[in-house]
Amino acid sequence: MTFPSPRPASAGRRPVVVVGAGPAGLTVGNILRAAAVDCLVLETESRKFIETRPRAGVIEEWAVRGLDRRGLAPGLPARAQAHEECEFRFGGARYRLPYRELTGRHHYVYPQPLLVTDLVREYADVRGGDIRFGVRDVRLHDLDTDHPSVSYLCPETGERQVVHCDFVAGCDGARGVSRRALPPERARLARHDYGIGWVALLAEAPPSADCVVFGVHPRGFAGHMARSPEVTRYYLQCPPGDDPANWPHERVWSELRERLGAAGAAPLAEGRLIEKRVLDMHSYVVGSMASGRLFLAGDAAHLTAPIAAKGMNLALHDAFLLGDALVAHLTTGDASGLAGYSAACLRRVWDYQEFSEWLSGIYHGTASGDPYHAGTALARLRRLFTSPAAATAFAEQYLGAAAAF
Ligand code: RFL
């Protein structure tokens with residue numbers, strides 16, 4: 001929904017207002033600041049909250065190169081762990097997929113809160129960017145005109161403030177307000193519900209393997225992903241809508257041991273569970289990521305269930321394209337980047353959606369209770385470990401290294 005123009009209570013003017021300080025919004029803000037384009041970032045949460053909110057950890061190599069090229073997250077390649085292989089466990093055995101050997105590429109593991117901390121510091125403390133935390137009731141106005149604005153309630157005074165601008169970058173995630181400001185035909189979602197839940201866990205425990213591990217088991221999928229030498233993310237498939245209270249410490253660890261068990265595997269290092277939430281696996285993609293002066297980026301435009309660890313990577317891809325396109329338009333008048341923005345982003349988005357859906361078949365088919373899906377899941381798995389061509393194709397998709405044309 002877009003609101004009629006408010007009476008300016010306290011007007012300011014910026015070329016760009018960025019709504020949301022996640023990886024997408026902060027990256028756009030940093031690119032604008034580097035080109036001396038003034039902008040304002042609005043965020044509903046506090047700085048401390050966004051710097052500690054746990055989520056992603058796997059960043060693709062091209063995304064790290066993109067950050068590095070723009071002077072963002074300095075030193076990240078040195079501080080992040082490089083991952084070169086992953087392991088599938090099924091039928092009581094372990095199968096390694098050496099994706100670096102197959103493609104020459106690797107993943108980085110760098111927790112999202114660290115990336116957000118780096119990006120906020122660079123934007124606000126180094127590049128002098130303006131950011132307002134704790135804002136309430138953000139509204140977008142007159143997006144179909146050449147004088148859009150964004151208003152919000154100031155956390156200190158409770159008064160509505162209005163900022164006039166040329167463009168709005170809607171980077172406010174899955175539950176933000178920007179997507180709702182698209183006209184209905186563009187806001188229409190292509191949505192996919194997997195009909196599956198995952199208990200997402202963070203354990204205060206060192207990783208129990210030197211790579212990401214996927215357990216494909218008749219009791220359900222289980223995943224193991226390092227986050228740091230002290231913290232490990234685990235996933236356990238569960239019914240959608242399940243209550244996290246149904247997963248006490250003992251049950252979690254016994255299911256993880258069972259589903260990730262395989263001959264020769266190191267025992268799991270147990271630890272206190274510091275995050276436990278149930279995610280209902282679903283994905284969506286908007287019809288268009290642009291309308292008038294509004295451009296969406298990241299989860300505001302498309303959600304990718306964390307099956308293949310793609311969401312933050314897509315948010316960064318959008319942000320690189322949007323930041324560069326806004327700079328080109330505002331500094332040289334070149335509008336071609338903005339004109340092609342939505343189509344360019346959606347190519348990669350759909351590529352990653354398709355891979356996530358394919359991978360879901362492998363993860364969840366065996367436990368589906370449907371012998372047909374169990375059969376095709378095993379066939380996909382066997383193919384990965386019998387056909388070097390299939391393994392290489394998987395590796396390219398898993399790393400996001402396949403060109404999205
Ligand atoms: P974010 O990170 O949600 O940031 C949006 C920001 O906007 C603020 N906000 C508003 N601000 C102003 N006005 C409003 N009205 C607002 N409403 C909301 C929010 O407070 C927030 O600060 O979106 P962004 O920037 O698009 O980034 C997307 C990523 O955060 C997301 O895709 C990833 O976390 C997904 N994801 C993963 N992605 C990967 O690439 N690799 C991974 O390994 C990976 N693991 C994961 C994940 C997501 C997970 N969950 C929680 C669904 C693991 C998990 C468990």
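This is a predicted model: local features need pLDDT of at least 70, side-chain atom pairs count only at pLDDT 80 or more; totals for chains, interfaces and linings use all residues.

Residues are numbered from 1 along each chain as its sequence is written, and side-chain values use heavy atoms, with hydrogens and water left out.

Let me begin with the charged pairs. Side chains of opposite charge can pair when their charged atoms come close. A salt bridge here is a side-chain nitrogen of Lys or Arg within 4 Å of a carboxyl oxygen of Asp or Glu. By this rule the count comes to 27 salt bridges.

One of them joins the side chains of R70 and D324, at 2.7 Å from N to O. The pair links distant parts of the chain, 254 residues apart: R70 is in the loop between α3 (61-69) and α4 (76-79), and D324 is in helix α9 (residues 311-332). Helices are DSSP runs of H or I with at least four residues, strands are runs of E with at least two, and both are numbered from the N terminus. R70 is buried, at 18% relative accessible area, whereas D324 is partly exposed, at 37%. For these words, buried means under 20% relative accessible area, exposed over 50%, and partly exposed in between, with a 1.4 Å probe and protein chains only.

A further salt bridge connects R272 and E204, at 3.2 Å from N to O. Because R272 lies in strand β16 (residues 272-286) and E204 in strand β12 (residues 189-204), the pair ties together parts that are 68 residues apart in sequence. R272 is exposed, at 52%, and E204 is partly exposed, at 40%.

Within helix α8 (residues 249-260), E255 and R259 are four residues apart, so about one helical turn separates them. Their side chains meet in a salt bridge of 2.9 Å, N to O, and both residues are buried.

I turn now to the pocket. A pocket is an open set of points on a 1 Å grid, with protein on both sides within 12 Å along at least five of seven lines, where a 1.4 Å probe fits; lining residues have an atom within 4 Å of a point. Of its 15 lining residues, S360, G361, H364, G365 and H373 are the closest to the centre. The largest share of the lining, seven residues, comes from α10.
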